[in-house]
Amino acid sequence: MDTNRRFTIMTFPQYFDGDKKLTVNILFLPRNQNPLNKAIEGHGPTITDAPAFVDANILFQSKIISGTELFPNNLNFTKVENVTTLAPTNKVPLFTTLADPKHFNIQNLGQSNANLDSNKDKTNPVRSLSNSVKKYLPLSYQHSFNFIAPVQPGNGVLDDSYQCAVRSATPNPTFKQTFDAISWGKVFGYILRNKLLGLEAGFIYNLELTIDSALFVNGGWLHFDLADGSDYKVQQNQDDTFIKKYAARIPALKAGKPRSLFAANLFPVLFKKPTDLTDPSPVGNFDNIFIEASEYDDGFAKIVHAFQPVSQNIILEESDGFHPTVDAGIRLGWDDEQILAWYIRQMAEDSSVGAGQRIDAPTGVFGYHIDVMEQGGTGWQSLNLVKTKKGVNPLKDILKDPVHRSFQGELPFQVYPSSLDGNNTKNFWLPMYFASWNGHSIVLPDKDAIDIYLLEEGVKPDGNTNVTGSPKNELLKIYEAVGLTTKLKYGSIYDFRVRMTDMTHGSPRPGLDPVNDAITPNANCHFKRYVAPSTIRITGVTYNVDGSVYTLPSMDIQRPLLGYPAVVYCDKYKDPVGQLVTRLQKQLKDAKIDPSKGQIEAVGLADPDIDSIEITVEVQALNMDYQLSVSGKESYAFLYTTLRKFSPVVKDDDYDSTLSIPVKFKDAHVLKFGDPADLGD
């Protein structure tokens, strides 16, 4: 990396109104440096000292290039003009507060910014292609289009290597837990995940350009530079590498046709001296990068697929006869090989650039917004849309001014590869599916599950895993889901689509539709019940003892219990979650009053999908006499089968009603097997 580089400017177009307004976001991002000290110092006449980031007043100018024939450089532009942005006023208190140890333990807290190359927290080393990241391509992805073979053989896999990697993942004895100390650069990453913080920190700027659509009749480029009079302009003039600039490719715009805009890939703005007779060319092969920028310039995923697990083994894609015991909802994936390619580009060596080098083309994709619509519904609903709860100021601990800041918008759902066992010598894996929808917000914890299963209580500290107690997720204290009325229930059919979000939290608006053609823009899933009923409940029955005669006048049978979330998906109870919580609290209360009741039963409600039971009567035969056994493995001979129905259900309480079946024992000298009408004498 360039020794004098201190900042990066990235351009993220958002929306063209079809007339003259082009909405754009700017990302002004510091390199891993101390924002409270001078940005650069002690370099003498080569490059003069620069003010600290928190004290800098940043002014921008836009540079438009008509057409995409030439690669963007600092001297190549069709139109340039200064733009007005809202200057952040809270940078000093914000970063001063974040520097407090009660928020972060920053290892380079008071460092000088004279030489950033000395920072311990640096870019991860370049990996080989085979040792970078891999992704299993599930059947739902392969069936979404005319799939033939992986685009990236060896990284996109079709065999069982992912299953083997998951099964063989064991604790790595050489793994060392990361210390709490982090760098300023990671604090900047934390800020980027909160749009309000990004705006207040001076990272994100929103603006609206007035343009002539004729400038982009054949597409073009847009990037931002420092305007004259801006802080850091002097340093940039002394060394252009002081600020790294990236341009966004703008598609062809037509008057009267509004559309969303998105920068999935960014392109470096090259440096050209005024005396150079030719334009500079980028290092590396940008062919696929251009194609991707074009395909995704509307911000919508192109291959969306969905799958509902049909086995206890969530990795299996076909039924193996073992039904799920807990419903995982609907699993979602999108653009598997494209996301794989983006991560490979960020991690692996690019042979077109040179040994040990990556190509300089960062992806602008920061996360995803997922929409759902039940077939027959009136429109898409965002699974990411939240708002701060009433009276909650999410920045109150960081900014001490009296302004109350609230937030309503979409939080990004992010997708990352992971090391399955913490062994850095192995490759990373992207997950088989990226998301799972269980009927709730996809970016907030499931509050119902937390309440039912007491997930925030009862966890004891464990020194071996560094667990200090129960998990405390603060998101539910800050946010609540907004606008999600679609219920996940068995028997319904759901459509899904995915909108991308960039590093400034920009994304196609929820009400917009894709502009570009796509292979499978929407996923479809018919949500069915695969969770098998559990054991019926019979009261007053004890274990039979060999050699004894066991009689009872009747069997009192109740429906089996069905737990969360399957009982909610049945959509039969008015308030299943409330009833589950009440039932658990009663069990806990009874166990506290009477220690003999300390064993907590399964938390569930009577299975509302059960309307009858089938009873099979068998007669015990001689040991090892399996001839008339149903399974062929037991010394019981099948006699007959009968069906009994529960009473009709009118209200919730009726599901817990008892079916009483009279039982009459008879002595029989001769039995006739296989004829229910005549069982013998």
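Guide: Asn384 touches Tyr368, His369, Ile370, Gly409, Glu410, Leu411, Pro412, Phe413, Ile442 and Val443, leaving aside residues up to four places away in sequence; contact here means heavy atoms within 4.5 Å. This is a predicted model, in which local features need pLDDT of at least 70 and side-chain atom pairs count only at pLDDT 80 or more, while totals for chains, interfaces and linings use all residues. Residues are numbered from 1 along each chain as its sequence is written, and side-chain values use heavy atoms, with hydrogens and water left out.

Asn384 sits in the loop between strand S17 (381-382) and strand S18 (385-388). Helices (H or I, at least four residues) and strands (E, at least two) are DSSP runs, numbered from the N terminus. With 0% relative accessibility, Asn384 counts as buried. Buried means under 20% relative accessible area, exposed means over 50%, and partly exposed is in between, using a 1.4 Å probe and protein chains only.

S18 and S19 pair over three bridges in the antiparallel sense; strands pair if DSSP finds at least two bridges between them. Leu385 has Glu410 in S19 as its bridge partner, and Glu410 is also among the residues that Asn384 touches.

A second open sheet of three strands has parallel pairing, in the order S8-S7-S20. Its edges are strand S8 (156-157) and strand S20 (428-429), each with a single partner strand, so one side of each is left without a neighbour in the sheet. Helix H8 (residues 336-347) packs on this sheet and touches S7, S8 and S20. The direction of H8 makes about 170° with that of S7; axes are lines fitted to C-alpha atoms, for helices over the stretch in contact, and angles run from 0 to 180 degrees between N-to-C directions. Strand S7 (residues 133-136) runs parallel to S20 and is joined to it by two bridges. Val133 stands opposite Phe428 in S20.

H8 has a helix contact too. Two packed helices are described by the angle between their axes and the distance between the axes. For helix H7 (residues 287-295) and H8, the axes come within 13 Å and cross at roughly 135°. H7 and H8 are therefore oblique to each other: angles under 35 degrees count as roughly parallel, over 145 as roughly antiparallel, 65 to 115 as roughly perpendicular, and the rest as oblique. The crossing of H7 and H8 is left-handed, a term for the near helix being turned anticlockwise from the far one by less than a right angle, with right-handed for clockwise. Asn288, Ile289 and Glu292 of H7 make the contact with Gln338, Trp342 and Arg345 of H8. These residues divide into two nonpolar, two polar and two charged; Ala, Val, Leu, Ile, Met, Phe, Trp, Tyr, Cys and Pro count as nonpolar, Asp, Glu, Lys and Arg as charged, and the others, Gly among them, as polar.

Elsewhere, strand S10 (residues 220-226) has seven of its seven residues buried, so S10 is largely enclosed by the rest of the structure. In a regular strand the side chains alternate between the two faces of the sheet. Gly220, Leu222, Phe224 and Leu226 are buried on one side of S10, and Trp221, His223 and Asp225 are buried on the other. Strand S5 (residues 60-66) pairs with S10 over seven bridges in the antiparallel sense, and Ser62 is opposite Phe224 in S10. S10 also pairs with strand S11 (residues 243-250) over three bridges, again antiparallel, with Ile250 in S11 as the bridge partner of Gly220.

Some backbone values remain. The peptide bond from Tyr564 to Pro565 is cis, with omega near 5°; Pro565 lies in the loop between strand S27 (561-562) and helix H11 (566-569). Asp571, in the loop between H11 and helix H12 (576-593), has a positive phi of about 60° although it is not a glycine. Asp571 is partly exposed at a relative accessible area of 32%. Met624, another residue other than glycine, has a positive phi near 70° and lies in the loop between strand S29 (612-620) and strand S30 (636-645). Met624 is exposed, with a relative accessible area of 69%.
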